[in-house]
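Hi everyone, thanks for coming along.

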Amino acid sequence: NQTSGNALPSTVARLDAVSSDGGTLTLSGSVTVTNTLFFNNNASLNIGNNNILTLPGSISYGAPTGGLIGFTGTPSSELVLSSGALQTLYFKTGAALGKLVINKSAQFATLNTNSAGVDIYTGIEFNPANLGGLNLNNRPVTLKSIYTQTAYLGRIYGTLSNASNITVER
């Protein structure tokens, strides 16, 4: 495992999650990747506690294997998708997020059909100023409530599609 450390600025043009053995890059602070986030082989990216990963750029994968590659986080991490282009998501097996924010002016954020599911502890939000969408591809998504808060699916301003495998816990 590698941690971004204090050397990674809060905004980068490109971030590569690179591993030959299924390793995980863990962010130690919030980051915006303006151009490309790249995953090779079976690498994963842990957004980390209380961090926000904002992606106005593209997401690229090299030879992805479902459940082994992609995003993971904690119940307090946040993933913000804000590209006007299609963004494909893979979640690593056991992935968790605090919040998933859809802030896309156009196109969809799409869970790949080979992606593992994701547990979301705060909620899924859509920005009312943008009409992009979220395609869950019938992948498992669980809104996990805890004793201090109830997870939610916010008002949908764009499109939510293929959402037949959502579980809401209370």
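**The core, the rings, the charges and a sheet**

Let's begin inside: the largest nonpolar core has 38 residues, and Leu 53, Phe 71 and Leu 79 are those with the most contacts within it. By nonpolar core I mean a set of buried Ala, Val, Leu, Ile, Met, Phe, Trp, Tyr and Cys residues joined through side-chain atoms within 4.5 Å. Buried is under 20% relative accessible area, exposed is over 50%, and partly exposed lies in between, with a 1.4 Å probe and protein chains only.

Before going on, a word on the ground rules. This is a predicted model, where local features need pLDDT of at least 70 and side-chain atom pairs count only at pLDDT 80 or more, while totals for chains, interfaces and linings use all residues. Residues are numbered from 1 along each chain as its sequence is written, and side-chain values use heavy atoms, leaving out hydrogens and water.

Back to the core, then. Which residues is Leu 79 in contact with, leaving aside its neighbours within four places in sequence? They are Ile 47, Leu 53, Leu 55, Phe 71, Phe 91, Leu 97, Lys 99, Leu 100 and Val 101, where contact means heavy atoms within 4.5 Å. As a general point, nonpolar side chains tend to be buried together in soluble globular proteins.

Now the rings. There are four aromatic pairs, counting rings of Phe, Tyr and Trp (its six-membered ring) with centres within 6.5 Å; planes under 30 degrees apart are stacked, over 60 edge-to-face, and the rest tilted. Phe 39 and Phe 71 have ring centres 5.2 Å apart and planes at 75°, so this pair is edge-to-face. Phe 39 sits in strand 4 (residues 31-40) and Phe 71 in strand 8 (residues 70-72), 32 residues apart. Strands here are DSSP runs of E, at least two residues long, numbered from the N terminus. Phe 39 is buried at 0% relative accessibility, and Phe 71 is buried at 0% too. Phe 71 also pairs with Phe 91, in a tilted arrangement with 6.1 Å centre to centre and 50° between the planes. Phe 91 lies in the loop between strand 10 and strand 11, 20 residues from Phe 71. Ring pairs join Phe 39, Tyr 61, Phe 71, Tyr 90 and Phe 91 into a cluster.

On to the charges. How many salt bridges does a search of the whole structure find? Three, taking a side-chain nitrogen of Lys or Arg within 4 Å of a carboxyl oxygen of Asp or Glu.

- Arg 14 meets Asp 16 at 2.7 Å, N to O; Arg 14 is partly exposed at 46%, and Asp 16 is partly exposed at 35%.
- Lys 99 meets Glu 125 at 3.4 Å, N to O, linking strand 11 (residues 95-102) to strand 13 (residues 118-126). Lys 99 is buried at 19%, whereas Glu 125 is partly exposed at 26%.
- Glu 169 meets Lys 144, with the closest N and O atoms 3.3 Å apart. Glu 169 is partly exposed at 31%, while Lys 144 is buried at 19%.

Four strands form an open sheet in the order 10-12-14-17, with parallel pairing; strands pair if DSSP finds at least two bridges between them. Strand 10 (87-89) and strand 17 (159-161) are the edges, each pairing on one side only. Strand 14 (residues 133-135) pairs with strand 17 over three bridges, in the parallel sense, and Asn 135 stands opposite Ser 161 in strand 17.

Thanks, everyone!
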